[in-house]
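This report walks through a protein chain step by step, moving from its overall division to a single residue. Please keep the sequence and the structure in view while reading.

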Amino acid sequence: MTIALRFLGAARHVTGTKHLVEIGDTKVLLDCGMVQGPRRIAEEQNRKLPIAAKELDALVLSHAHIDHSGSLPKLVKDGYDGPIWCTDATADMLRMMLFDSAHIQAQDAKHLRKRGHDYEPVYTAADVEQTLRLVRSKPYYEPFDVNDQLRVEFLEAGHILGAAIVVLDADDGHKQRRIVFTGDHGRKDLPILRDPDRIPECDALITESTYGNRLHETRPDMMAELGRIIEEEMHDGGRVVIPAFSVGRTQSVVMFLGQLIKERHLPELPIFVDSPMSTNATKIMARHAELFDDETKKLLKAGHNPFFFDGVRYVADVQESKSLNGQRSGVILSASGMCESGRILHHLRNTVGRREDCVLMVGWQAHGTLGRKLRDGQDSVRIYGEDYRVRCKVRAMGGFSAHADYSELMDASRHLVDRCKQVFVVHGEDEPAEAHAKRLIDAGFREVHVPHKHDRFELR
Ligand SMILES: [Zn+2]
């Protein structure tokens with residue numbers, strides 16, 4: 001009998017995470033993420049999964065981000081009917097993320113059919129329903145048996161609410177091996193979330209490497225910086241529009257604004273959160289206060305709700321969203337974070353042409369996106385098929401990233417060097433993954449691999 005790992009996604013890429021743990025004939029999949037990127041390439045991979053659904057005995061999910069969970073309904077559609085293990089908070093997040101994904105696909109299908117293309121979504125809301133029935137959630141720090149050969153425990157990853165470092169104790173009847181999967185490894189001192197737990201001693205480590213060749217800007221006081229920017233913009237008499245991801249980023253900014261107002265570093269000002277998914281994500285976060293860091297817990301104890309306070313308004317329907325066009329002051333947070341879709345587009349259409357207004361970027365903007373074009377200072381941009389001159393100010397704030405940079409990743413794994421016999425570097429493009437692998441070797445790890453898709457390794 002052997003214990004082996006097979007890498008079926010996010011190998012030299014950052015999306016589509018799928019790692020297979022084989023213990024003899026037993027097969028357990030870690031994550032089942034959707035491949036994201038140029039439509040043609042992504043679609044092809046998301047329509048034909050690299051694993052036969054019926055071969056799998058169990059699935060363990062590190063967190064709810066779509067690049068880790070988004071292909072689950074397709075797997076279920078293909079015939080998977082085993083358990084999907086995840087943390088309690090991930091189960092809540094997963095419901096929202098998967099229904100949203102099915103909704104986006106249905107909308108796309110409608111648009112494409114209108115233009116005469118024959119297009120079927122990869123999965124529908126009915127497949128999502130079926131998937132959610134298989135979810136079995138567990139609290140952090142309570143090891144549980146997946147089957148006779150595998151025991152699992154979830155530790156805090158400090159990445160998004162519910163995200164886990166997954167500890168897998170495998171036993172093939174002859175030998176026992178501990179495998180640790182970092183999932184997406186977060187950072188210390190992120191707002192709201194607890195810090196990532198220390199990675200326990202293990203025989204094999206599967207580590208992410210998104211920022212394997214980058215250091216984050218050091219931002220000792222993100223809250224103060226946000227306050228300074230908003231105050232300057234208030235002086236200019238315009239409004240600040242913040243494109244932000246629904247999960248994580250939006251709640252951090254809202255919490256900071258609430259604290260700045262409470263401590264009178266900012267005057268009272270209207271704050272609008274205008275994205276249905278952001279509203280849902282915030283409600284889910286509010287339900288899991290047990291997972292907050294001490295700072296946020298203290299705020300709650302003192303009677304200050306970090307997300308729902310006087311002055312912040314969660315915009316529900318499209319009509320109210322449109323009425324914000326007349327709102328000329330305050331802060332509007334809306335999704336998507338890279339300005340590719342969603343309500344942010346109509347806010348930008350009513351903002352970019354006004355000198356007194358400001359677009360504040362708080363997240364990474366990928367090449368080719370509207371967010372990137374604004375951030376790069378293009379003097380004209382296309383929104384809803386029309387060209388707009390950019391006259392507003394565009395400002396950016398770093399420091400909000402929810403992924404560890406290379407020095408944080410090294411700090412998180414250096415202590416494993418004595419026992420850990422094999423390290424597998426995943427969830428990074430070629431360059432960051434190779435750079436991180438080299439650093440691990442320099443630190444004394446004996447066997448470090450940057451697997452290609454379909455590579456299989458037996459554990460030593
Ligand atoms: Zn993630």
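In this predicted model, 12 residues of domain 1 are in contact with 16 residues of domain 2. On the side of domain 1 that touches domain 2, the residues divide into nine nonpolar, no polar and three charged. The domain assignment places residues 3–214 + 402–458 in domain 1, and residues 222–396 in domain 2. Taken over C-alpha atoms, the centres of domain 1 and domain 2 are separated by 30 Å.

We turn next to a sheet. Six strands form an open sheet with parallel pairing, and their order is β14-β13-β15-β12-β16-β19. The strands β14 (312–314) and β19 (393–396) stand at the edges, and because each has a single partner strand, one side of each is left without a neighbour in the sheet. From one strand to the next, the twist averages 20 degrees. Within this order, β13 stands between β14 and β15, and the parallel strands β13 (residues 271–274) and β15 (residues 330–334) are joined by four bridges. For Ile271, the bridge partner in β15 is Val331.

The axes of helix α6 and helix α7 come within 10 Å and cross at roughly 75 degrees, and since angles of 65 to 115 degrees count as roughly perpendicular, α6 is roughly perpendicular to α7. The table lists the residues through which these helices meet.

| Helix | Residues of the helix | Residues in the contact |
|---|---|---|
| α6 | 222–235 | Met223, Leu226 and Gly227 |
| α7 | 249–262 | Phe256, Gln259 and Leu260 |

Sorted by class, the contact of α6 with α7 has four nonpolar, two polar and no charged residues.

Is Ala244 buried or exposed? Ala244 has 27 C-beta neighbours inside 10 Å, and because a residue with 20 or more of them is classed as buried, Ala244 counts as buried. When residues up to four places away in sequence are not counted, Ala244 touches Arg249, Thr250, Val253, Leu333, Ala335, Gly337, Val362 and Gly363. One of these residues, Leu333, is 89 residues apart from Ala244 in sequence, yet the C-alpha atoms of Leu333 and Ala244 are 6.5 Å apart in space.

Conventions: Residues are numbered from 1 along each chain as its sequence is written. This is a predicted model: local features need pLDDT of at least 70, side-chain atom pairs count only at pLDDT 80 or more; totals for chains, interfaces and linings use all residues. Domain bounds come from an automatic or database domain assignment. Two residues are in contact if their C-beta atoms, placed from the backbone, lie within 7 Å. Ala, Val, Leu, Ile, Met, Phe, Trp, Tyr, Cys and Pro count as nonpolar, Asp, Glu, Lys and Arg as charged, and the others, Gly among them, as polar. Two strands pair if DSSP finds at least two bridges between them. Helices (H or I, at least four residues) and strands (E, at least two) are DSSP runs, numbered from the N terminus. Axes are lines fitted to C-alpha atoms, for helices over the stretch in contact, and angles run from 0 to 180 degrees between N-to-C directions. Angles under 35 degrees count as roughly parallel, over 145 as roughly antiparallel, 65 to 115 as roughly perpendicular and the rest as oblique. A residue is buried if 20 or more other C-beta atoms lie within 10 Å of its own, exposed if 12 or fewer, and partly exposed in between; C-beta atoms are placed from the backbone.
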